[in-house]
Amino acid sequence: MTALELISLLTQAIFVLIFVLVVRGLVRRPSRTTVDIALFFGAIAIAIVESRVATTFRLPQVEIVSDIVALLIIAMPYLLLRLVDDFSDVPALVNRLAEGGLLLSAAAFLATEGTVPPPILLAVVLYFAALSTYCAVAVVRAARRSAGVTRRRLEAVAAGTLLLGLVILVAGLAPSLPPPLTGLPTGLTQAVALASAIAYFVGFAPPQILRRAWQEPELRSFLRRAASLPRLPDTASIVRALQDGAGSTLGARATIGLFDRETRTLRFQDPHGVLPAEVGQGEYLAWRVFERQRAEYFADAARAHPALASAYRAHRVRSLLIAPISAAEQHLGALEAYTDHEPVFSEDDLDLVRLLADQAAVILESRALIDEAARVRAHEEAARLKDDFISAAAHDLKTPLTTLVAQAQFLERRAQTEPSAPADLAGLRRIVREAKRLSSLVVELLDASRLEQGKLVGEREPVDLVELVRDVARRESYRARRINVSADAPVVGSYDPRRIGQVLENLVENAVKYSPDDSEVRVAIAQRDGEAFIDVTDQGIGIPASDLPVIFERFHRASNVDDRRFAGMGLGLFICKGIVEQHGGRIWVESRVGTGSTFHVVLPLEGAH
Ligand code: ADP
């Protein structure tokens, strides 16, 4: 056997092998595309087997058999075009031309009984080459549109097609070449034919190992993008990102439905508008896949689910690839991919959808774990806060209460033992003062809990902040202190006067409380760009930098305040912040230990009457 013969045998064996493999694919997954692939390779395989059998057994030529074989070969480019038409739109004109060419070639062959005159043969060869080139270009374009394994496979098919076109061209032109060149085409054709067979094999029946290798880059890039997904703010954003990622990885449109345990439905946010927001039991193919927990491919979506046929048509959905999203025993949802053409290599695409669904499951699971951890943390935090609250409240209420009880018991005893003695005014005043302190602590506690329920701020009315500040500054409790109020003109906004008054009082009270008796407290009010600015400045103890970020938090007291020297619960600033924010404003502080603090409040002026 010569080298040429060996190459020819190998080429033929590969084509026959491809035929066997595609027939197996057809049996497993019958669809228009798999039928067309089988037809194309069937034509090649029959021609090969017939010539092998005839030469091996030296059979005499049976005319009808050789005619059929010749016609099958003539039909090859047309069969290829049919296949191309399955996954990309071949214009009607090209289809008609191809059909015309096929009929003319067949007619020419039959009319001349196999001895086609050279000009006609040339025309047929050119028709072959033109059609193959057209198909190869169409396949390349389809490859560009797709991704992953499909893309690589289509590229191989395009290469196979171009090479096959070349083989036919060279073989067809050989008889018209001058004698010294006739030997060259045979060797060249054999080599090109082998290359074409290999390319087709890689394209139509790639071994598993090659598919895995081709899948990897896509998966890896999907995973790279997916790594940060569980940290997105909510599950809806994760689903959106997963849909986009799966779509671009697949080269199709993708949507994800999450299973809602309460309603027992799949919830979709289908950006392509095909599926409704809720898919219930027994509805739609997505549910079917979810229920069976097995990925499925539907070549003809409209046929598989006639109720949605018009929606599928309206959105140019031709085929569906759906995979369940499940992690271990958890059934989380389904990933559905829409394609506008029947995928050429549906098994690879389905494989990829399955892999993407598995990845989506991992991401959604880790998101669920993060949520769960946050819930536990929040729960612990709430429990801790409650404990803090009880101990802070108990501690703060206990001091005035002890004084109050002791003082009252003392007065009681005195009244019993010396009924005629004059009233102990100082003792009574102490009782009143402690009772008032107790009452203001209780009010603070109540305010903090109302704030949380969003019920603190009431009716709003036009309020002059300058007037309000002056009111606060005049209060008896700071009589001993200089409160310097500076303002150029009234600053009027629409606020709940009681609550804004409370904020100002609290800030001024703190400024007084946390600064030496002979120092000055300044309050400046101004308006600028539709906002009111209030600054409360003192020259007091200041707030350590480490406490600044949390100073507005509930029960937080700075590390430089001593409970015995400065009474307080650490709720005032928390309430102030709540009131200011519920008015649409903001509050912050600038402070240096030993120098003093300035609390800034900004309130919106719009909406003022
Ligand atoms: P309280 O004064 O009852 O502790 P606040 O919520 O009003 O509660 O204040 C929280 C903490 O912020 C105070 O304990 C104190 O450490 C600090 N603070 C507030 N205002 C000032 C100020 N003007 N100067 C220094 N520290 C302050």
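Guide: A polar contact is a pair of N or O atoms within 3.5 Å; within protein, one must be able to donate a hydrogen and the other to accept it, and residues adjacent in sequence count only if both atoms are side-chain atoms. Here an N or O atom in the side chain of Ser597 lies 3.4 Å from a nitrogen atom of the ligand. The protein buries 98% of the 530 Å² that the ligand exposes when taken alone, with accessible areas from the Shrake-Rupley method and a 1.4 Å probe, where for residues only the protein chains shown count as cover. This is a predicted model, in which local features need pLDDT of at least 70 and side-chain atom pairs count only at pLDDT 80 or more, while totals for chains, interfaces and linings use all residues. Residues are numbered from 1 along each chain as its sequence is written, and side-chain values use heavy atoms, with hydrogens and water left out.

Visitor: Which backbone atoms lie by an oxygen atom of the ligand?

Guide: A backbone N or O atom of Met569 is 3.1 Å from an oxygen atom of the ligand, and a polar backbone atom of Gly570 is 3.2 Å from an oxygen atom of the ligand.

Visitor: How many residues surround the ligand, and which are the closest?

Guide: A residue is near a molecule or strand if one of its heavy atoms lies within 4 Å of it. The ligand is surrounded by 22 residues, of which Asn510, Tyr514, Asp538, Arg557 and Leu573 are the closest. The shell holds 11 nonpolar, 8 polar and 3 charged residues, where Ala, Val, Leu, Ile, Met, Phe, Trp, Tyr, Cys and Pro count as nonpolar, Asp, Glu, Lys and Arg as charged, and the others, Gly among them, as polar.

Visitor: What is the order of the strands in the open sheet of 5 strands?

Guide: Strands of a sheet pair through backbone hydrogen bonds, either parallel or antiparallel. Two strands count as paired if DSSP finds at least two bridges between them. In this sheet the order is E8-E10-E11-E13-E12, and the pairing is mixed. Strands E8 (483-487) and E12 (586-592) are at the edges with a single partner strand each, so one side of each has no neighbour in the sheet. Strands E10 (residues 521-528) and E11 (residues 531-538) run antiparallel and are joined by 7 bridges, and Gln527 has Ala532 in E11 as its bridge partner. Helix H16 packs on the sheet and touches E8, E10, E11, E12 and E13, its direction making about 25° with that of E11; contact means heavy atoms within 4.5 Å, and axes are lines fitted to C-alpha atoms, for helices over the stretch in contact, with angles from 0 to 180 degrees between N-to-C directions.

Visitor: Where is Arg316 found, and what is its phi?

Guide: Most residues other than glycine have a negative phi. Arg316, in the loop between helix H12 (309-314) and strand E5 (319-327), has a positive phi near 50°.

How values were computed
Helix = DSSP H or I, 4+ residues; strand = E, 2+ residues; numbered from the N terminus.
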